[in-house]
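Let us walk through this structure step by step. Keep the sequence and the 3D view side by side.

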Amino acid sequence: MRETLDFLLFDWLKAGDLTTRERFAEHSPETFGAVLDTCEKIAREKFAPFNRLADTQEPHFDGERVHLPQATHDATRAYAESGMLAAAQDYDVGGMQLPCVIEMAGNAFFSKASVAMGGYAMLTSGNASLLMAHGTPLQREVFAKNEFAGRWFGTMCLSEPQAGSSLSDIATRAELEDDTDPLGPRYRLTGNKMWISGGEHEITENIVHLVLAKIPGPDGKLIPGTRGISLFIVPKRLVNERAELTGERNDVALAGLNHKLGYRGTTNCLLNFGEGRFTPGGRKGAIGYLVGKPGEGLRCMFHMMNEARIGVGLGAVMLGYAGYEASLDYAKQRPQGRPMTAAGKDAASPQRPIIEHADVRRMLLAQKSYVEGGLALELYCARLVDELHTGDDPAGAQALLDVLIPIAKSWPSEWCLEANSLAIQVLGGYGYTRDFPVEQYWRDQRLNMIHEGTHGIQALDLLGRKVVQQGGASLAALAARVQQTIERAIQTGWAPQANQLAAALAQVGGATKKAWSTGEPEEALANAVPYLQAFGHTVLAWLWLDVALAVSGDSAFAEGKRAAARYFFAYELPKIGAWLDVVARREPLCREVQADWF
């Protein structure tokens, strides 16, 4: 994996060129490499050996405390001590001022080694980064800096039992108590939050919850929709303005742990706020400090959505990568079957490794095309984040990110799950047992289609908003980039693939117009998921063609990249026709079928 990562970063994406920018001027390709070396070493020594342990010894609650294996404590401490929690932050807050693309590349090693054990740190970094963007100076000093230092960890509390993805329906209530508190306007929160990863543990002395809740209107009623949603800092244990624990427990209580198919090493919690189990200040109600302005909770929360969705996509890629490497190693060693000749099989001849069978090679090539293509996608998007913040054309970077982020999150979560399924298939019956890791990778992977917005939500975002906004400007920006690659490829031996990609791009554009030709959202969006799948495959074909053009020489490494690119064009890109067909004709079946027909 490391050779591929270095190639994509430095040969394809030219990440070393970022050091000419003021923000990254103190770095060099060597310091970037040193960061990757450190992350790879910690992941190999502190995370990977305990991935199965974190899965089998899942969190348990004894009525007072949540217990985790000691290995989880040790791994998260090592991660915090590496400085990666603040990797992209300014030097003056203890950060390393790393580009997003290097930060993401470093974190890839932890996702591959143990995605569940790495979850605590990823949540904390996102929580603290949000506070750096939207918190007051004191909130940044007290909460964000202590999270970056690894003293406290953080969460994001959005969903509720009655409101999963539909955040406009949340009912957690926030009543103003004191608008002069130094830590921010102080409110009392009551309500329940569901699916809170990292919501309870004893890894750190405190947990900083970022909680979405509604401030009631003048009539005392909660405002319908998203307009009334605000964001609050709700620490598990109360602190003062000097970041000292006061000794008082906030009114946040664990109602129960969710027991999941995979990702078992990360606690996943139902939290009750303000139920009265604890009484800070002598009364019930969880104390929370307002972040930003009232009613701007979603705007603050979505500030970090690009990086969060890239992070989920990257985690999906790395689980796929782990399965690919495990099945590749197995296929090279497992003897089974004999060559087929015109005269049939010679039973007396020695068995051959299963990697010599064409169908096993097909499954390995499919995995390789999914995971290495997915890695290229995530790193490309991370590079765009750097262009957005430090480049010469932030508007252009934003336009591309708008259409690519739904793909960055959704495509690897679907196709790297397929890679994990193929890894199990390569191992045969052994793949289904716990003696080999591939079944755990599949179980851990399955959650990623739900994390940070389901497939359906990403599809509605893409077809319902991103490709039609500003007269289709974002789609046009992507098409221009794809066309540049096509024009370069048409002059090479990749001309057939370039023409195939040009036809696919035209198909996507035509289907987009036909989907919206009646102007009826219900008609256009009924087949949004097939559209998302076709769009994603077209994007991946483009990236594979671009990567293939960057490969030189005839080494096994180079030929492997070319083979994966050829596989994607031969076996994967042709699938888009069926997906786009139902989009273009606005197939009505799924919106017209009646509930009682099932």
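Contact here means heavy atoms within 4.5 Å. This is a predicted model, in which local features need pLDDT of at least 70 and side-chain atom pairs count only at pLDDT 80 or more, while totals for chains, interfaces and linings use all residues. Residues are numbered from 1 along each chain as its sequence is written, and side-chain values use heavy atoms, with hydrogens and water left out.

Start with S168. This residue sits in the loop between β3 (152–157) and β4 (173–178). Helices (H or I, at least four residues) and strands (E, at least two) are DSSP runs, numbered from the N terminus. Leaving aside neighbours within four places in sequence, S168 touches K214, G225, T226 and I229. V239 is another matter: S168 and V239 are 71 residues apart in sequence and 31 Å apart in space, C-alpha to C-alpha. S168 has a relative accessible area of 24%, so S168 is partly exposed. The scale is simple: buried means under 20% relative accessible area, exposed over 50%, and partly exposed in between (1.4 Å probe, protein chains only).

Now turn to the rings. The structure holds 19 aromatic pairs. Rings of Phe, Tyr and Trp (its six-membered ring) pair if their centres lie within 6.5 Å; planes under 30 degrees apart count as stacked, over 60 as edge-to-face and the rest as tilted. F47 and F110 have ring centres 5.1 Å apart and planes at 65°, so this pair is edge-to-face. F47 belongs to helix α2 (residues 29–47) and F110 to helix α5 (residues 100–114), so the pair ties together parts 63 residues apart in sequence. F47 is buried, at 1% relative accessibility. F110 is buried too, with a relative accessible area of 1%. F110 also pairs edge-to-face with Y79, at 4.8 Å centre to centre and 75° between the planes. Y79 lies in helix α4 (residues 70–81), so its pair with F110 in helix α5 joins parts 31 residues apart in sequence. Elsewhere, ring pairs link Y370, W411, W415, F568 and W579 into a cluster.

Charges come next. Side chains of opposite charge can pair when their charged atoms come close. A salt bridge is a side-chain nitrogen of Lys or Arg within 4 Å of a carboxyl oxygen of Asp or Glu. The structure holds 39 salt bridges. One joins the side chains of R52 and E439 (2.7 Å, N to O). R52 lies in helix α3 (residues 51–56) and E439 in helix α12 (residues 438–445), so the pair ties together parts that are 387 residues apart in sequence. R52 is partly exposed, at 23% relative accessible area. E439 counts as buried, at 9%.

R188 forms a salt bridge with E177, the closest N and O atoms being 2.8 Å apart. R188 lies in strand β5 (residues 186–197) and E177 in strand β4, so the pair connects parts 11 residues apart in sequence. R188 is buried, at 6% relative accessible area. E177 is partly exposed, at 27%.

Within helix α10 (residues 358–390), E387 and R383 are four residues apart, which means about one helical turn separates them. Their side chains meet in a salt bridge (2.4 Å, N to O). E387 is buried at 18% relative accessibility, and R383 is buried at 14%.
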